[in-house]
Amino acid sequence: MAGEPSFFELGVADPERGRVFYGTLFGWTLEAGPAGRGFSIGTAGLPGGMHGGDPGAAPYLFFRVDDLEAALARVRELGGSVEALGEEDPESAARFGRFKLCRDDQGSLFGLHEPPPAR
């Protein structure tokens, strides 16, 4: 099913400090992320990630889609926009899926997530 929340992302200034803070606060398991940047977050529910260099950031919420390209086209058709994130890392996409940040037709930020194929 598409549209349900499927991933969250926390931006922090220093990922190691964030790992200690959130891991201690919530009892989360945080493992090194792709290419050693940030962390993947294991919770009892929704999986997440943490990236650095983003002090004071608001959490990103990603909604599941079955076809990322079709969903991005629909965002644009509805008057929204898609944020440029740089090159997609194939290793990360294979492990975590594909992600895009978007803005709705009023400028509010949200994310789309196409999970990796079932193994």
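Begin by selecting Glu114, which you will find in strand β8, the run of residues 109-114; keep in mind throughout that this is a predicted model. Glu114 counts as buried because its relative accessibility is 17%, and buried means under 20%. Now show what surrounds this residue: leaving aside residues up to four places away in sequence, Glu114 touches Val65, Asp66, Asp67, Leu68, Gly97 and Arg98. If you zoom in on Leu68, you will see that its backbone nitrogen lies 2.7 Å from a polar atom of the Glu114 side chain.

Next, turn to the aromatic rings, of which the structure holds eight pairs. Select Phe7 and Phe62, which form an edge-to-face pair, with 6.0 Å from centre to centre and 70 degrees between the planes. This pair links distant parts of the chain, since Phe7 belongs to strand β1 and Phe62 to strand β5, 55 residues apart. Both Phe7 and Phe62 are buried.

Then move to Tyr22 and Trp28, an aromatic pair that is stacked, with 6.0 Å between the centres and 15 degrees between the planes. Tyr22 counts as partly exposed because its relative accessibility is 22%.

Finally, look for the largest pocket, whose volume is about 780 Å³. Among its 28 lining residues, those closest to the centre are Glu9, Arg37, Leu85, Ser92 and Phe99. Colour the lining by class, and it divides into 11 nonpolar, 10 polar and seven charged residues. Elements that each supply at least two of the lining residues include β1 (5-11), α3 (90-96) and β7 (98-103).

Notes:
Residues are numbered from 1 along each chain as its sequence is written. This is a predicted model: local features need pLDDT of at least 70, side-chain atom pairs count only at pLDDT 80 or more; totals for chains, interfaces and linings use all residues. Side-chain values use heavy atoms; hydrogens and water are left out. On a 1 Å grid over the protein atoms alone, a cavity is a set of points where a 1.4 Å probe fits but cannot get out, and a pocket is an open set with protein on both sides within 12 Å along at least five of seven lines; lining residues have an atom within 4 Å of a point. Grid points are joined across faces, edges and corners, and a volume is the space filled by probe spheres set on the points. Helices (H or I, at least four residues) and strands (E, at least two) are DSSP runs, numbered from the N terminus. Ala, Val, Leu, Ile, Met, Phe, Trp, Tyr, Cys and Pro count as nonpolar, Asp, Glu, Lys and Arg as charged, and the others, Gly among them, as polar. Buried means under 20% relative accessible area, exposed over 50%, partly exposed in between (1.4 Å probe, protein chains only). A polar contact is a pair of N or O atoms within 3.5 Å; within protein, one must be able to donate a hydrogen and the other to accept it, and residues adjacent in sequence count only if both atoms are side-chain atoms. Contact means heavy atoms within 4.5 Å. Rings of Phe, Tyr and Trp (its six-membered ring) pair if their centres lie within 6.5 Å; planes under 30 degrees apart count as stacked, over 60 as edge-to-face and the rest as tilted.
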